[in-house]
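Hi everyone, thanks for coming along. Today I'd like to walk you through one protein model, piece by piece. Have a look at it first, and then we'll start.

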Amino acid sequence: MNANCRSGYVRVWALMGLMILSGWSAVQAQTGASRAVQLYAETQVSPPQITLRWEESPHPVDYFYVHRRVAGSTTWEYLGNDPAPSATSFVDSDVAGGVRYEYRVFRRYLDPFTSFHARGYTITGIDVPLLDQRGTVILLIDSTQQAALAEEIDRFKLDLIGDGWDVVTETAAPSDPPPSVRAKLQTIYHAETNAVKAAILLGRIPVPYSGLIAPDGHSPDHYGAWPADTYYADLTGTWTDETVNNTGASQARNHNVPGDGKFDQSNLPSDANIAIGRIDMANLSGFGAGENETELLRNYLRKNHEFRHRLGDYGSVPRRALIRDSFGVLGNNESPASMAWRGFVPMFGPAHVTASGNWFPTVEGNAYLWGYGGGASGYTSIGGVGSSADFKTKNSLVVFTAFFGSYFGDWDSPIDNALRAPLAGAE
């Protein structure tokens with residue numbers, strides 16, 4: 001146990017991000033917030049009414065559009081009655097109780113050199129029933145960890161059941177080829193017609209590699225096959241290992257040649273059928289639970305359980321979020337942190353989302369339910385946030401982390417990967 005890591009805060013999922021290094025210009029000085037409509041909703045029961053609210057625009061506005069759809073639909077409905085350019089709210093009275101609505105607000109700026117546009121999304125409803133039936137989740141367990149973690153796995157299954165899931169378990173060994181692992185998922189998926197919605201990979205489930213890509217802009221040293229758990233999410237498409245032939249990447253694991261077990265596809269050949277999550281502590285050394293992968297998994301499952309039941313340190317986590325944006329708006333008009341502003345404000349409201357000039361030491365003594373950090377990064381560092389070593393020795397009191405930077409989509413790097421470091425961090 002690391003004496004400096006007293007909190008017990010869990011990093012349940014780390015969101016992978018990529019950085020495109022091209023075309024820096026004066027727009028870099030802008031913030032990611034300028035590309036997001038910070039949208040949140042207020043509801044009224046009688047008469048039924050939903051009021052959308054957002055922040056005052058940082059730039060002069062040309063026009064707004066507001067769209068709505070019933071949650072689950074794929075078609076947006078334009079609502080008309082566009083808000084005035086100076087507006088910060090929109091009232092929708094054509095709503096019914098018990099229905100989940102998704103809203104999209106599009107804001108176009110007058111000056112095309114400013115940021116062009118911003119978007120915001122939220123989901124809301126009036127007296128919407130609790131979602132207590134989520135479908136089936138496949139819990140795919142690393143067979144080399146199953147016996148040692150039997151108690152924790154049983155507890156995790158009960159927690160998933162309590163959250164509304166039907167749980168089906170299967171095992172795979174770290175040495176299994178990815179096609180055999182996918183075949184197990186396919187068997188369950190087709191047997192449980194339309195019921196399987198997700199799979200959780202617990203332990204060192206084999207990592208598929210695929211493609212000929214360098215979406216972080218680091219080519220040729222990082223051009224090749226990248227980790228592709230979406231191979232397990234697409235259970236109906238055809239994946240091949242025949243055409244890509246490239247060995248230019250600096251690390252051999254990114255090389256991709258015919259017949260090497262790494263797939264050709266740089267994009268999914270078919271739509272994903274299920275969601276995929278991975279809890280993987282391989283190659284993370286010296287963290288709070290020690291260098292033993294089993295103990296890191298045990299520690300994570302404990303923290304996961306405590307968070308779900310508001311036990312210990314999780315009894316009073318503030319509903320707020322922190323954003324550390326080292327990019328602003330890039331010269332190619334990308335704004336990585338806009339997704340944080342777009343996502344956090346609907347959950348917590350604008351008063352509870354904070355932009356910070358640093359990650360550490362802010363999070364060492366202040367807890368947040370969500371946090372985002374983005375900047376120029378590497379396999380073991382996160383620009384504007386810190387390094388893998390920081391997560392070994394310092395508290396990071398953030399439950400859910402989302403990081404964005406170079407190399408992060410390639411999260412299977414061999415030593416102390418920074419994207420996964422928060423999952424194994426503070427005890």
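Let's begin with a definition: two strands pair if DSSP finds at least two bridges between them. Helices (H or I, at least four residues) and strands (E, at least two) are DSSP runs, numbered from the N terminus. Please keep in mind that this is a predicted model: local features need pLDDT of at least 70, side-chain atom pairs count only at pLDDT 80 or more, and totals for chains, interfaces and linings use all residues. Residues are numbered from 1 along each chain as its sequence is written, and side-chain values use heavy atoms, with hydrogens and water left out.

Now, in which order do the strands of this open sheet run? The order is β2-β3-β6, three strands with antiparallel pairing. At the edges are β2 (40–44) and β6 (89–92), each of which pairs on one side only. From one strand to the next, the twist averages 20 degrees; for angles like this, axes are lines fitted to C-alpha atoms, for helices over the stretch in contact, and angles run from 0 to 180 degrees between N-to-C directions. Look at strand β3 (residues 49–53): four bridges join it to β6, and the two run antiparallel. T51, for example, stands opposite V91 in β6.

Next, the inside of the protein. I'll say "buried" for under 20% relative accessible area, "exposed" for over 50%, and "partly exposed" for in between (1.4 Å probe, protein chains only). A nonpolar core is a set of buried Ala, Val, Leu, Ile, Met, Phe, Trp, Tyr and Cys residues joined through side-chain atoms within 4.5 Å. The largest such core has 39 residues, and those with the most contacts inside it are I279, M281, W359, F391 and F403. Elements that give two or more residues to this core include β9, α1 (150–162) and β20 (398–404). Which element gives the most to this core? That is α4, with four residues. Apart from this core lies another one, of 21 residues, among them V353, L369, Y372 and V399.

Let's stay with W359 for a moment. Contact means heavy atoms within 4.5 Å. Leaving aside neighbours within four places in sequence, the contacts of W359 include L322, R324, Y372, F391 and F403. W359 is buried, at 0% relative accessibility, and F403 is buried too, with a relative accessible area of 1%.

That brings us to the aromatic rings. Rings of Phe, Tyr and Trp (its six-membered ring) pair if their centres lie within 6.5 Å; planes under 30 degrees apart count as stacked, over 60 as edge-to-face and the rest as tilted. By this rule there are 20 aromatic pairs. Why is the pair of W359 and F403 edge-to-face? Their ring centres are 5.3 Å apart and their planes are at 70 degrees, so the pair gets that label. This pair links distant parts of the chain: W359 is in the loop between β16 and α6, F403 is in strand β20, and they are 44 residues apart. Ring pairs also link F307, Y314, F344, W370 and F400 into a cluster.

Rings can have a charge over them as well, which here requires NZ of Lys or CZ of Arg within 6 Å of the ring centre and within 35 degrees of the ring normal. The charged end of K262 sits over the ring of Y209, 5.8 Å from its centre. Over the ring of F360 sits the charged end of K394, 5.2 Å from the ring centre.

Now a helix. The buried residues of α5 (residues 338–348) include W341, F344 and F348. Its buried residues pack against β2, β8, β15 (321–325), β16 and β17. After α5 comes G349, with a positive phi near 85 degrees.

Finally, some backbone details. Most residues other than glycine have a negative phi, and most peptide bonds are trans. D127 is not a glycine, yet its phi is positive, about 50 degrees. Is D127 buried or exposed? D127 is exposed, with a relative accessible area of 62%. N283 also has a positive phi, near 65 degrees, and at 40% relative accessibility N283 counts as partly exposed. As for cis peptide bonds, one runs from S219 to P220, with omega near 10 degrees. Another joins F360 and P361, where omega is about 10 degrees. P361 lies in the loop between β16 (353–355) and α6 (362–365).
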